[in-house]
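Try each task on your own before you read its solution.

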Amino acid sequence: MPETSTTTRRIVILISGRGSNMQALVEACRQQGWPASIAAVIASRPDAAGLEWAAAQGIATAALYHKDYASREAFDAALAAEIDLHAPDYVILAGFMRVLTPGFVNRYSGRLVNIHPSLLPAFPGLHTHAQALATGVRVHGCTVHFVTPVLDHGPIIAQGCVPVLAGDTPEMLAERVLEVEHQAFPTAVRWLAEGRVTLTNDHRVDVQGDPDRLFTWSAAA
């Protein structure tokens, strides 16, 4: 198990829309004094609302529109080139709505982290809240995990759970899940910044200090 590091780690965040999770990460990094810097925010579309917010915080921004590229591989190559300009220790997917190629994922193996709005391995892909309601589960949530070439799969760093309530719509459930995302995601990325996270030989995650890695929603939150 490594010692907690005081090295300042560089983080690049990828978004596709308003970037509420990106904002939560940036604010937590600054308010909690992480040993990290948000080196850049990069979007998969130029109209992503989160870019304006990030730029206003003095963070470098860029946008690459996937429709400008002939193939998924060409887009991912351009994206990797943009990311590498900032020499990141970690690349964080915060609502990045693109399926990444195996070549891209392997390039950042062990450094690429995603948040998915379900308790993986349940409900990979899109429309997770509607999927949860359709199956009648009583608990739903989010998962922070290392990315592998398999979609919405990989070693789990942390999870957050919320109750599924009578009368929920996908929108109501999404709002509740987002609250717990804003707890679990910044905490997990802080652990990464502090050098506390390791991948074991059997592809599981250890976190130094053995903190609680399950976050729960409460009505008082």
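**Exercise 1: The lining of the largest pocket**

Helix α6 contributes four residues to the lining of the largest pocket, the most of any contributor. Keep in mind that this is a predicted model.

Task: Find out which helices and strands each supply at least two residues of that lining, and what kinds of residue make it up.

Solution. 
- Step 1: Start with the space itself, which comes to about 1,000 Å³.
- Step 2: Look at the middle. There are 38 lining residues, and Gly95, Phe96, Met97, Ile115 and Pro117 are the ones closest to the centre.
- Step 3: Go through the elements. At least two lining residues come from each of α1 (20-32), β5 (112-116), α5 (128-135) and α6 (170-193).
- Step 4: Sort the lining by type. You get 17 nonpolar, 15 polar and six charged residues.

**Exercise 2: Two domains**

Task: Work out which domains the largest pocket draws its lining from, and how many salt bridges are counted between domain 1 and domain 2.

Solution. 
- Step 1: The domain assignment puts domain 1 at 7-108 and domain 2 at 114-220.
- Step 2: Go back to the pocket. Each of these two domains gives at least three residues to the lining of the largest pocket.
- Step 3: Count the contacts, using heavy atoms within 4.5 Å as the cut-off. On that basis, 22 residues of domain 1 touch 18 residues of domain 2.
- Step 4: Turn to area. The size of an interface is often given as the accessible area lost when the parts come together. Here the two domains bury about 1,700 Å² between them, and 71% of that is on carbon and sulfur atoms.
- Step 5: Look for salt bridges between domain 1 and domain 2: the count is zero.

**Exercise 3: The second largest pocket**

Task: Say how many charged residues line the second largest pocket.

Solution. 
- Step 1: Get the volume, which is about 190 Å³.
- Step 2: Find the lining. It has 13 residues, with Val147, Thr148, Pro155, Leu199 and His203 nearest the centre.
- Step 3: Sort them: six are nonpolar, seven are polar and none is charged.

Notes. Residues are numbered from 1 along each chain as its sequence is written. This is a predicted model: local features need pLDDT of at least 70, side-chain atom pairs count only at pLDDT 80 or more; totals for chains, interfaces and linings use all residues. Side-chain values use heavy atoms; hydrogens and water are left out. On a 1 Å grid over the protein atoms alone, a cavity is a set of points where a 1.4 Å probe fits but cannot get out, and a pocket is an open set with protein on both sides within 12 Å along at least five of seven lines; lining residues have an atom within 4 Å of a point. Grid points are joined across faces, edges and corners, and a volume is the space filled by probe spheres set on the points. Ala, Val, Leu, Ile, Met, Phe, Trp, Tyr, Cys and Pro count as nonpolar, Asp, Glu, Lys and Arg as charged, and the others, Gly among them, as polar. Domain bounds come from an automatic or database domain assignment. Buried area is the accessible area (1.4 Å probe) that two parts lose on being put together, summed over both. A salt bridge is a side-chain nitrogen of Lys or Arg within 4 Å of a carboxyl oxygen of Asp or Glu.
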